[in-house]
Amino acid sequence: MHSVAFISPKGGAGKTTAALLLALGLAERGQRVAMIDSDPNKPLVEWARLPGRPDRLSVHPSPTLHDFVDARREALRTHPDWMILDTEGTERGAMVFTALRPDLVLTPLAGSQLEATQAIKAAEMVRNFGQRGGRPLPHSCLLTRIPAAIRSRTLKAVVDRLRAHEVQILPTALLEKEAFRALFSAGAGFDALEAAGVGGVAAARSNAQAYVDAVLEFVQQTPVS
Ligand SMILES: Nc1ncnc2c1ncn2[C@@H]1O[C@H](COP(=O)(O)OP(=O)(O)OP(=O)(O)O)[C@@H](O)[C@H]1O
Ligand SMILES: [Mg+2]
């Protein structure tokens, strides 16, 4: 089993969206996916209540740290190939990743210096945890909400700063897509959005697939727990 945690000390960075896109993409590829929703606002639990959740994808709430062991046990009962943890966007919320001990931690960020500072902080949290455990824990940032085809000067500066701090960045960015937002109101995945006549689904799907490929490539370079 592989496990991936999404963390950022900053709220609204794009964790829940990126976590769901990864889960949907893996399920589409025939993988069994169990998500743990450790955000007390339960955005993924809410998504799972909407019609059309793929059978291979389950969501398990862990609104407090005390619930984590039960949520993990419930998740394991589904015999997942992948466990994906979404966390609350605070420093305290981010620390839940230590309870999962994932193979990989991802930190989404939009292309601003403010978010870069928070992403560097997340990378340091993961690095410190790995050092304490005597085993490095792979971490990567993921640029998200990037306006299509625009590589602004600010974005370049953000990337340079992350590199200067030896923070890894996934080679594929998630673009700013209305279809990604629509998933949380329509439920299910891209097929349902297409059927509902939401615009721009094909481009969103192809961006999401490229992102899932990039995560898989990154995971293949990391040891399996
Ligand atoms: N790639 C994207 N394209 C369009 N909208 C996006 C994208 N990523 C995130 N959003 C939107 O930005 C907002 C914040 O995203 P999301 O909920 O994924 O962030 P988060 O890090 O999980 O936030 P929190 O810290 O509150 O849990 C949401 O309204 C979401 O729909
Ligand atoms: Mg969230």
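**Figure 1. The largest nonpolar core of the predicted model.** This core has 40 residues, and F6, L22, M35, L57, I84, F190 and Y211 have the most contacts inside it. A nonpolar core is a set of buried Ala, Val, Leu, Ile, Met, Phe, Trp, Tyr and Cys residues joined through side-chain atoms within 4.5 Å; buried means under 20% relative accessible area, exposed over 50%, and partly exposed in between (1.4 Å probe, protein chains only). When residues up to four places away in sequence are not counted, L22 touches V4, F6, I84, Y211, V212 and V215, contact being heavy atoms within 4.5 Å. A second, separate core of 19 residues includes I36, M83, V96 and M125.

The structure is a predicted model, in which local features need pLDDT of at least 70 and side-chain atom pairs count only at pLDDT 80 or more, whereas totals for chains, interfaces and linings use all residues. Residues are numbered from 1 along each chain as its sequence is written, chains are lettered from A and ligands numbered from 1 in the order in which they are written, and side-chain values use heavy atoms, with hydrogens and water left out.

Figure 2. Six strands with parallel pairing follow the order β3-β2-β4-β1-β5-β6. Each of β3 (57-61) and β6 (139-143) stands at an edge with a single partner strand, so one side of each lacks a neighbour in the sheet. From one strand to the next, the twist averages 25 degrees. Strands (E, at least two residues) and helices (H or I, at least four) are DSSP runs numbered from the N terminus, and two strands pair if DSSP finds at least two bridges between them.

**Figure 3. Strand β2 and its surroundings.** Strand β2 (residues 33-37) runs parallel to β3 and is joined to it by 5 bridges. In β3, M35 has V59 as its bridge partner, and I36 has H60. In a regular strand the side chains alternate between the two faces of the sheet. Both faces of β2 are covered, with V33, M35 and D37 buried on one side and A34 and I36 buried on the other. Helix α3 (residues 68-77) lies across β2, β3 and β4 (82-86), at about 165 degrees to β2; axes are lines fitted to C-alpha atoms, for helices over the stretch in contact, and angles run from 0 to 180 degrees between N-to-C directions.

Figure 4. Because 5 of its 5 residues are buried, β6 is largely enclosed by the rest of the structure. H139, C141 and L143 cover one face, and S140 and L142 the other. Strand β6 pairs with β5 in the parallel sense over 5 bridges, and L143 of β6 is the bridge partner of L109.

**Figure 5. The surroundings of R53.** R53 is found in the loop between α2 (43-49) and β3. This residue counts as partly exposed because its relative accessibility is 35%. Leaving aside neighbours within four places in sequence, R53 is in contact with W47, A48, S58 and A188. The C-alpha atoms of R53 and G189 are separated by 7.6 Å, although these residues are 136 residues apart along the chain.
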